[in-house]
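Open the model in your viewer and keep the selection tool at hand. We will go stop by stop.

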Amino acid sequence: MVGIIDFVMFLLVATNLALLESSRLKTCIWLVAFQGMALGFLPVLVGYNHAGSIGLHAVFVGVISILLQGVVFPLLLMLAVHRANVRREIEPFVSYNISIITGVAALAASIWLSRFLNIPASAGGTLAVPMAFFTIFTGLLIITSRKKAITQVVGYLVMENGIFTFGFAVMPHAPFVVELGILLDLLVAVFVMGIMILHISATFDHIDVSRISTLGDE
Amino acid sequence: MISLLIAIPAIAALAAVLMKSHLWRRRLIMGTALLHLFLTLAAMGDGGGIEGWLGLDGIGFVFLGITSILFLAAAVYATGYLAAEEEKHPPRSDFIESKTVFANMPEAIFTACLLLFLSTLTLACAAQNFGLLWVAIEATTLATTPLIYYHRHHRSLEAAWKYLLVSSVGIALALLGTMFLAVSAMHPDSVEVSMSLADFLQAAPRLDTMWLKGAFIFLLIGYGTKMGLAPMHAWLPDAHSESPSIVSALLSGAQLNCAFLGIARGLQVCSAAGQAPFARELLIWFGIVSMAVAAVFILAQTDYKRMLAYSSVEHMGILALGTGLGGAGPFGAMLHAVSHSITKGMLFMLAGNILAIYKSKSAHEVAGILKISPVNGGLWLAGLFAIAGSPPFGLFISEITILRAALEGGRTAVAALYLILLALVFIGMASPMLAMVSGQPGKTHPENRSPATIIPVAVLAGLALLLGLWLPGPLLHILHEAGRLLGGS
């Protein structure tokens with residue numbers, strides 16, 4: 001089972017690096033959807049690895065997670081892209097080449113850092129924790145370096161994926177109510193963000209966050 | 001009882017969406033606010049709850065009480081405010097602010113979001129479980145984002161987007177902190193993870209120190225973003241200056257406190273695990289930096305709503321500082337939270353009244369409030385002295401208590417910085433606020449605002465004064481209990 005978990009981790013890294021160099025918004029949305037779906041298998045895999053059987057709880061969380069990340073979020077974001085009529089992220093604050101280089105450096109740093117952490121034995125393999133940190137960093141990098149509102153939502157989802165990786169891999173037995181609450185909050189957050197993007201595109205005729213900056217201290 | 005406190009506003013929110021009559025919807029929000037306050041007072045002492053999930057301890061009760069009182073004031077104000085706004089909907093050409101014409105969000109959704117906000121705040125105050133607390137605080141963000149975008153123009157949209165994104169990222173970091181906390185409690189031989197506060201406090205001596213410290217740092221940064229601690233405060237001035245005044249009042253008076261609750265819970269676990277010095281030092285310096293950043297921006301501020309917003313950053317800094325100092329500090333900080341919420345709620349509502357008269361948020365364009373509206377002018381003046389912490393108002397007592405804690409703890413440098421920053425903020429706030437009250441009024445748009453927009457402000461001003469003169473026994477008792485939970489004496 002550890003082999004499969006490691007394979008999921010490999011997918012996580014691959015999607016992160018692909019996200020850092022994609023400029024097409026639709027590609028970004030499908031990449032993060034794919035990443036989320038891959039992660040949806042983690043609760044079951046880690047649970048099996050740990051307890052030797054497949055728990056109903058893990059299956060339920062996994063299925064909800066896959067449905068949200070693989071179906072609901074991409075549909076919502078695609079709708080926003082369609083309505084706002086944007087295709088690409090043009091001239092991000094940080095260029096794609098530098099993003100990739102920063103990403104690879106962050107990957108190395110995450111692996112190095114994790115050697116000093118006292119990671120509980122129940123974790124699904126040794127890769128999960130560093131890969132979770134790398135994913136969180138990738139999400140933060142996308143949020144801060146891209147200009148389109150939709151790409152920022154994608155970055156937020158990547159960051160959440162990183163946090164979920166950490167949670168799923170390290171603590172397979174978190175209280176069910178809490179997991180459900182977190183997923184519900186995430187759903188509403190993405191929903192509200194989607195609505196806001198529609199309003200932004202209707203009010204400004206674009207969703208370029210760097211160009212809506214009238215507020216501030218003079 | 002606690003379940004009722006959470007459920008009633010949520011059900012009322014649903015009813016508000018379905019209702020057609022504006023009049024009945026306003027009665028509903030008033031009724032819910034009254035019932036909420038009544039039930040909150042009834043829950044004092046023993047509120048029941050669900051073991052390991054919901055319950056009211058000292059800190060939770062203090063914050064719930066503030067929230068409930070402030071929400072009632074906001075509900076009364078809202079009935080007058082919404083009636084005045086209704087006349088302007090759909091937009092007419094005179095419905096302007098800084099030369100922008102705009103429409104409003106449907107009142108049903110606005111009311112529903114306000115009520116949902118109350119429900120989520122109550123849940124945050126009563127949560128005895130780190131996971132549930134996170135869910136509740138994230139839910140407050142989602143309930144308030146539409147509220148900030150009540151006036152549908154491009155500036156409020158920008159503020160709402162910034163608020164949603166920055167808070168969500170901050171809260172996501174707090175979730176990571178929560179998970180670190182869970183990891184610190186994991187043992188090789190046990191698989192079940194309980195996220196309840198009581199279990200953490202009990203298991204505190206056996207927690208893994210490294211993960212615990214990491215957890216506190218992430219909780220502080222994550223919830224600190226929501227609380228408006230510098231340098232994570234970027235969303236706060238925009239959101240407070242662009243949202244309607246009652247929303248600003250509730251954001252400053254209720255929501256910032258509830259975000260602090262997240263940090264306070266982390267501190268409780270750290271103290272129980274013997275890591276209090278580490279956590280407190282962080283709180284002290286985040287507090288000082290917040291005060292300093294706020295002072296700099298207040299000194300250069302011409303927008304009076306932004307000025308009030310930066311003042312909230314300052315007071316959240318004082319709250320963190322007081323908690324970090326220990327000794328009498330945590331008690332002072334709790335008293336400070338109560339006084340600040342009441343005073344800031346009053347000032348934001350007054351700012352709304354002034355904005356309605358002058359149609360400008362620039363302090364330069366406002367003059368002679370005392371001539372146009374003596375009541376608003378007088379209260380604004382009282383508010384200035386109250387928020388600056390001069391006697392005989394409540395903030396004076398709490399600021400002196402925190403100063404005493406700093407000196408008793410031997411932190412002379414911190415005490416000196418604290419006094420200098422307080423003085424700078426006072427200078428920065430006094431000159432524009434005094435100029436607004438005096439002088440000859442220019443162009444104004446006096447409206448017949450209903451007494452509902454004055455009465456709650458006057459009552460809050462009375463409470464701010466009362467807190468400085470006399471602290472009732474039960475309040476003192478509960479504040480001391482909250483202070484003890486935070487590691488004070």
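**Before you start.** Residues are numbered from 1 along each chain as its sequence is written, while chains are lettered from A and ligands numbered from 1 in the order in which they are written. This is a predicted model, where local features need pLDDT of at least 70, side-chain atom pairs count only at pLDDT 80 or more, and totals for chains, interfaces and linings use all residues.

**Stop 1: chain A.** Select chain A. Its secondary structure comes to 8 helices and 0 strands. Helices (H or I, at least four residues) and strands (E, at least two) are DSSP runs, numbered from the N terminus. The radius of gyration of chain A is 18 Å, close to the 17 Å from the globule rule for 218 residues, so chain A is as compact as a globular protein of that length. That radius is taken over C-alpha atoms, and the rule is 2.2 Å times the number of residues to the power 0.38. Along its principal axes, the C-alpha trace spans about 55 × 35 × 30 Å. Of the 218 residues of chain A, 49% count as buried. Buried means 20 or more other C-beta atoms within 10 Å of a residue's own; exposed means 12 or fewer; partly exposed is in between; C-beta atoms are placed from the backbone.

**Stop 2: where the chains touch.** Show both chains. The contact takes 37 residues from chain A and 35 residues from chain B. Two residues are in contact if their C-beta atoms, placed from the backbone, lie within 7 Å. Which helix of chain A gives the most to this side? Select H8(A): it gives 13 residues. By class, the side of chain A that touches chain B has 24 nonpolar, 10 polar and 3 charged residues. Here Ala, Val, Leu, Ile, Met, Phe, Trp, Tyr, Cys and Pro count as nonpolar, Asp, Glu, Lys and Arg as charged, and the others, Gly among them, as polar.

**Stop 3: helix H1 of chain B.** Select residues 2-18 of chain B. The 17 residues should span 24 Å at 1.5 Å a residue, and the end C-alpha atoms are 25 Å apart, which agrees. The expected span is 1.5 Å times one less than the number of residues. Buried residues of H1(B) include Ile2(B), Leu5(B) and Ile6(B). The face turned away carries the exposed Leu14(B) and Leu18(B). The buried residues pack against helix H2 (22-42) and helix H4 (107-126) of chain B.

**Stop 4: helix H2 of chain B.** Colour its buried residues, among them Arg25(B), Arg26(B) and His36(B).

**Stop 5: Leu116(B).** Find Leu116(B) in helix H4 of chain B. Is Leu116(B) buried or exposed? Leu116(B) has 23 C-beta neighbours inside 10 Å, so it counts as buried. Leu116(B) touches Ala10(B), Ala13(B) and Ala143(B), not counting residues up to four places away in sequence.

**Stop 6: the largest nonpolar core.** A nonpolar core is a set of buried Ala, Val, Leu, Ile, Met, Phe, Trp, Tyr and Cys residues joined through C-beta atoms within 7 Å. The largest has 258 residues, and Val62(B) is one of those touching the most other members. Helix H6 (residues 154-184) of chain B gives the most to this core, with 20 residues.
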